[in-house]
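Take a look at the sequence and the structure below. This briefing walks through a few features, topic by topic.

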Amino acid sequence: MRRIPRTKGAITGFLIVLLGLWGALIPFVGPYFNYAMHSDQTWQWFSDRFWLEVLPGIVAVLGGLILMRGATRASTSFGAMMALAAGLWYIVGPNVSMLWNHGAITIGPPIGQHNITRTLEWLGFFYGLGGLITLFSSYALGFMAALPIVDERVVGRTVATGTAGATAGYAAGRATAPRDRVAAGNETAVAPARTTAPAAAADEPTVANDRTVAGDRTATADPTAPSTATATGTRRRGGLFRRRRSETTRT
């Protein structure tokens with residue numbers, strides 16, 4: 001079963017249904033507005049009108065409905081083929097009818113008063129109508145043939161396999177995730193201890209030596225050193241009252 005979306009033939013099928021309704025009803029309602037062939041009487045029935053106008057209209061309507069509602073490639077293509085047959089019959093039907101009418105086309109002639117009106121009647125009843133139905137049905141057939149062929153069983157099996165693989169991979173990841181996190185935490189905890197311990201051990205003698213040297217300097221310092229330092233600091237600042245400040249500090 002090769003399914004396709006139902007919207008693929010919806011517009012084409014709808015147009016074919018409208019054209020089929022036109023072809024089946026225009027012979028009976030056309031005389032109301034002076035658009036008729038063979039007779040100007042409304043709702044007139046005879047055998048050739050059924051075979052050449054009503055029957056192909058019904059077939060076109062059925063084919064258009066199948067196109068609109070078809071869910072598979074086979075059904076949609078069948079509806080398009082029905083519409084194509086109806087369109088071709090509208091084109092060749094008047095000439096084929098001469099086979100059982102002793103060489104005469106009993107469905108005609110057109111009733112129009114002018115050449116343009118008579119031409120439009122031939123086109124609206126048979127040739128133009130059949131050409132449009134043939135056009136849309138051929139387009140639907142070509143469009144269906146261009147769609148990629150995908151087997152639902154293969155697609156379903158592939159999707160199921162991919163889903164099962166993804167579920168198994170997720171479960172395996174959940175099972176191994178705590179171990180990885182614990183190992184990563186241990187490495188993080190051990191790494192700083194290894195890197196900082198030697199540095200701390202190497203820095204302690206240096207700090208102790210600095211303190212010892214600083215203590216020795218403080219113990220052996222001259223009592224006049226603070227005054228000298230103060231005087232030096234005062235001299236570095238400079239100013240007009242440098243001498244007065246230095247004398248005051250010495251006293």
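A salt bridge is a side-chain nitrogen of Lys or Arg within 4 Å of a carboxyl oxygen of Asp or Glu. Keep that in mind for the first topic. The model shown here is predicted.

**The salt bridge**

- The structure holds one salt bridge.
- The side chains of Arg49 and Glu53 form this bridge, at 3.2 Å from N to O.
- Both Arg49 and Glu53 belong to helix α2.
- Four residues separate Arg49 from Glu53, about one turn of the helix.
- Is Arg49 buried or exposed? Arg49 is buried, because its relative accessible area is 1% and buried means under 20%.
- Glu53 is buried too, with a relative accessible area of 1%.

**Val59 in helix α2**

- Val59 also lies in helix α2.
- Which residues does Val59 contact, leaving aside its neighbours within four places in sequence? They are Met82 and Ala86.
- Val59 and Gly20 sit 39 residues apart in sequence. In space, their C-alpha atoms are 7.6 Å apart.

**Helix α5: length and sides**

- Helix α5 spans residues 127-146, which makes 20 residues.
- From first C-alpha to last, α5 reaches 28 Å. That is close to the 28 Å expected at 1.5 Å a residue.
- The buried residues of α5 are Leu129, Gly130, Ile133, Thr134, Ser137, Ala140 and Met144.
- Why do these residues lie on the same side of α5? They do so because they cover an arc of only 130 degrees around the axis.
- The face turned away from that buried side carries the exposed residues Leu135, Tyr139 and Ala146.

**Helix α5: its partners**

- Which helices do the buried residues of α5 pack against? They pack against α1 (10-29), α2 (47-69), α3 (73-96) and α4 (115-125).
- Two packed helices are described by the angle between their axes and the distance between the axes.
- For α4 and α5, the axes come within 3 Å. They cross at roughly 35 degrees.
- On the α4 side, the residues in contact are Trp122, Leu123, Gly124 and Phe125. On the α5 side, they are Tyr127, Gly128 and Leu129.
- By class, this contact of α4 with α5 has five nonpolar residues, two polar residues and no charged ones.

Conventions:
Residues are numbered from 1 along each chain as its sequence is written. This is a predicted model: local features need pLDDT of at least 70, side-chain atom pairs count only at pLDDT 80 or more; totals for chains, interfaces and linings use all residues. Side-chain values use heavy atoms; hydrogens and water are left out. Helices (H or I, at least four residues) and strands (E, at least two) are DSSP runs, numbered from the N terminus. The expected span of a helix is 1.5 Å times one less than its number of residues. Buried means under 20% relative accessible area, exposed over 50%, partly exposed in between (1.4 Å probe, protein chains only). The arc is that of the directions from the helix axis to the C-beta atoms. Contact means heavy atoms within 4.5 Å. Axes are lines fitted to C-alpha atoms, for helices over the stretch in contact, and angles run from 0 to 180 degrees between N-to-C directions. Ala, Val, Leu, Ile, Met, Phe, Trp, Tyr, Cys and Pro count as nonpolar, Asp, Glu, Lys and Arg as charged, and the others, Gly among them, as polar.
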